[in-house]
Amino acid sequence: MRVRFWGTRGSIPVGLTVADMRDRLAQALVAASGRRFGSYGEAHEFVQNELPVSLSHTFGGHTSCVELLPGSDEYFVCDMGSGARAFGEHILARQGGRPATIHVFMSHMHWDHLMGFPFFGPAYAPGTKIRIYGCHALLEQAFRIQQSPPCFPVSFEQLGATIEFIKVAPEEAIEVGGLTVMPRLQHHSGDSYGYRFEAQGKSLVYTTDSEHKLEDRAQTDRFVSLFRGADLVIFDAMYSLAEAVSVKEDWGHSSNVVGVELCQAAGVAHLCLFHHEPASDDATLAGVLADTRSLEQITRNGRPLHVTSAYDGLEIAL
C-alpha cells in the first residue's frame, strides 16, 4: 500500500508569495556560492540534494486530501479539501476517458475538508461512480449546500457522475474495495472521525482535526488502541504543545509532541505530521520537523519512530 498527499494544510489553502519566491531564489544563489551548472539536470540535483528542505520544498499548498493506493483499479481518498482539484485531474488523465470508481472517506464537514469537491473533475464525468462515506448525519447536505446559490454557480444536480452517500457507524469495521475501514470519534467542534485502514497486512491511520487531552486516560487509551502497531499514522500537528494547552485549547487540533507520545505508546512505525498551520511558513515547519525528530530520539522507549512532515506530492510506501 502507498499513500499520496494532494493537500496537507489546515483551515485554508496557502500559496507562496512573490516575496517568498524572491527570498528563496536569493538564498539558493548564496548557497550555490558561485557554482556553475552545465545542465538543468545538474542544477536540479543541487536543489534536490544540497538545499535545505525550507528552500527546496514547500509544505503546501492545498487543504486536506490524501489518496490511498492499495493496488486496486479503484480510487480511495480521505477528505476533499482544495487538493481534490489536482487529484481529480490526475484521475481523469490516468483513466483516459474510461469511467472510474472513487471512494471518499470524510473526516468531518468543515469547509477546508470539502471545498475542493466543486472543482473535482471526475464529479462532472458521466459514468464515474463516487461513493462518499462518513459518520455525520448531514454528510450529503453539506456537499449539496456548498453547491447551492449563492455559494456556487453549478448545482449538485448538474454533476454528471453517479454520487452515493454512505453513512457508516463509529467503531464498526466495513469492507470497501479490499480495504478494511474503521472510523472512531474524535474531539473536534462538530465532531470529526479518524479512520484506520487495513489491507494486505499493512495498516494506516488517518487522524486529523482531533484534539488529544492526555490527562484523560480513557481517551488516550482509545487512540493508542486505534494507532496500535500501525505502519503509518497521519496526524494533526497543527499547533505547538504550548498553544494546544493554552490559548488554543478546545480548538480541536493537536501538536507534534502529542503525536510522538501517542505513536510511541502504540508502537507505530511512521508518524507523518499533517494539517499544517496556515500561518506557519516552510522554514517554521521544517523547524517543527527537526524538533519532532529530536524529541523522538530523546524519548525513544522501543523501536525507532520514523517522523516525516507531509507536503503536497509526497508519497509514502508502507
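Q: Which residue stands opposite tyrosine 195 in strand 10?
A: Tyrosine 206 does. Strands here are DSSP runs of E with at least two residues, helices are runs of H or I with at least four, and both are numbered from the N terminus.

Q: Before we go on, what am I looking at?
A: A predicted model, where local features need pLDDT of at least 70, side-chain atom pairs count only at pLDDT 80 or more, and totals for chains, interfaces and linings use all residues. Residues are numbered from 1 along each chain as its sequence is written, and side-chain values use heavy atoms, with hydrogens and water left out.

Q: OK, back to that pair. How many bridges join strand 9 to strand 10?
A: Five, and the two strands, residues 192-199 and 202-207, run antiparallel. Two strands count as paired if DSSP finds at least two bridges between them.

Q: And what order do the strands of that sheet come in?
A: 7-8-9-10-11-12-13, an open sheet of seven strands with mixed pairing. Strand 7 (174-176) and strand 13 (306-309) each have a single partner strand, so one side of each has no neighbour in the sheet. On average, neighbouring strands are turned by 25° against each other, direction ignored. Angles run from 0 to 180 degrees between N-to-C directions of lines fitted to C-alpha atoms, for helices over the stretch in contact.

Q: Which helix packs on it?
A: Helix 6 (residues 217-227), which touches strands 8, 9, 10 and 11. The direction of helix 6 makes about 165° with that of strand 8. Contact here means heavy atoms within 4.5 Å.

Q: Where's the positive phi in the hairpin of strand 7 and strand 8?
A: At glycine 177, with a phi near 55°; the hairpin has two residues between the strands. Strands 7 and 8 pair antiparallel over three bridges, and isoleucine 174 has valine 181 as its bridge partner in strand 8.

Q: And in the hairpin of strand 8 and strand 9, which glycine takes a positive phi?
A: Glycine 190, near 80°, in a hairpin with five residues between the strands. Strand 8 and strand 9 run antiparallel and are joined by seven bridges. Methionine 182 faces arginine 196 of strand 9.

Q: How many residues of strand 8 are buried?
A: Six of its eight, so strand 8 is mostly covered. Buried is under 20% relative accessible area, exposed is over 50%, and partly exposed is in between (1.4 Å probe, protein chains only).

Q: Strand 4: which residues point which way?
A: Thr101, His103 and Phe105 go one way and Ile102 and Val104 the other, and all are buried. Strand 4 pairs with strand 3 in the parallel sense over four bridges, with valine 77 opposite valine 104.

Q: Which residues have the most contacts inside the largest nonpolar core?
A: Phe117, Phe120, Ile130 and Ile132, in a core of 28 residues. A nonpolar core is a set of buried Ala, Val, Leu, Ile, Met, Phe, Trp, Tyr and Cys residues joined through side-chain atoms within 4.5 Å.

Q: Which element gives the most to this core?
A: Helix 4, with four residues. Another core, of 27 residues, lies apart from it and includes Phe105, Tyr133, Cys135 and Ile234.

Q: Last topic, helix 9: which residues are buried?
A: Asp282, Leu285, Leu289, Thr292 and Glu296. Down the axis of helix 9, the buried residues fall within an arc of 75° (taken from the directions from the helix axis to the C-beta atoms), so they line one face. Asp291, Gln297 and Ile298 are exposed on the other side.

Q: What covers the buried residues of helix 9?
A: Helix 1 (18-32), helix 3 (53-56), helix 8 (256-266), strand 12 (270-274) and strand 13 are among the elements that do.
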